[in-house]
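The following report concerns the predicted model shown below.

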Amino acid sequence: VQLQASGGGLVQAGGSLTLSCAYSGGTNSEYNEAWFRQAPGKEREFVAAINWSGTGTYYADSVKGRFTISRANAINTVYLRIHSLKPEDTALYYCAARRRTGDYYNTFELAREYDYWGQGTLVTVSS
């Protein structure tokens, strides 16, 4: 399975972006998925997760109400819509996928539980 993240860019504070994560080499309905981000000089952090069917979504407190994760299994793509961007949202955003096994609902925030990672797409927010 390969993941390809795209959609990052330079945006002014208050603006919006939609990030995409496209699958190849598998069927993404077999996987639970998430977005993580890593800002310069900081650890990678959880942003949002969605279960394989799209019926469950989960967010870090810092992004609730501004970020929306969704998926379109028919085209093997997961999205992250970002509104009201802040300078502190500047980071490299990664999509990740994990098989539908294990205790997903208690571990979806843990990067080590994900089996596949995209290469990252850079979001830069100017003030």
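Helices (H or I, at least four residues) and strands (E, at least two) are DSSP runs, numbered from the N terminus. The side chains of Glu-33 and Arg-71 are joined by a polar contact of 3.0 Å. Such a contact is a pair of N or O atoms within 3.5 Å; within protein, one must be able to donate a hydrogen and the other to accept it, and residues adjacent in sequence count only if both atoms are side-chain atoms.

This is a predicted model, in which local features need pLDDT of at least 70 and side-chain atom pairs count only at pLDDT 80 or more, while totals for chains, interfaces and linings use all residues. Residues are numbered from 1 along each chain as its sequence is written, and side-chain values use heavy atoms, with hydrogens and water left out.

## Strand β4 and its partners

Strand β4 is largely enclosed by the rest of the structure, because seven of its eight residues are buried. Eight bridges join β4 to β9 in an antiparallel arrangement; two strands pair if DSSP finds at least two bridges between them. Within this pairing, Gln-38 stands opposite Leu-92 of β9.

Strand β4 is also joined to β5, by five bridges and again antiparallel. Arg-37 has Glu-45 of β5 as its bridge partner. The hairpin of β4 and β5 has six residues between the strands, and Gly-41 takes a positive phi near 75 degrees there.

## The four-stranded sheet

An open sheet of four strands runs in the order β1-β3-β8-β7, with antiparallel pairing. Its edge strands, β1 and β7, each pair on one side only. Neighbouring strands are turned by 15 degrees against each other on average, direction ignored; the axes are lines fitted to C-alpha atoms, for helices over the stretch in contact, and angles run from 0 to 180 degrees between N-to-C directions. Six bridges join β7 to β8, and Ser-70 has Tyr-79 of β8 as its bridge partner.

## Nonpolar core

The largest nonpolar core has 35 residues, and those with the most contacts inside it are Trp-35, Val-47, Leu-80, Tyr-93 and Tyr-114. Such a core is a set of buried Ala, Val, Leu, Ile, Met, Phe, Trp, Tyr and Cys residues joined through side-chain atoms within 4.5 Å.

The structure holds one disulfide, defined as a pair of cysteine sulfur atoms within 2.5 Å. Cys-21 and Cys-95 form this link, with their sulfur atoms 2.1 Å apart. Cys-21 in strand β3 and Cys-95 in strand β9 are 74 residues apart, and the pair links distant parts of the chain. With 70 degrees about the S-S bond, the link is right-handed. Cys-21 is buried at 0% relative accessibility, and Cys-95 is buried at 1%.

Trp-52, found in the loop between β5 and β6 (57-59), is partly exposed at 34% relative accessibility. Its contacts beyond four places in sequence include Arg-71 and Arg-100.

Notes
Buried < 20%, exposed > 50% of the residue type's maximum accessible area, 1.4 Å probe, protein only. Contact = heavy atoms within 4.5 Å.
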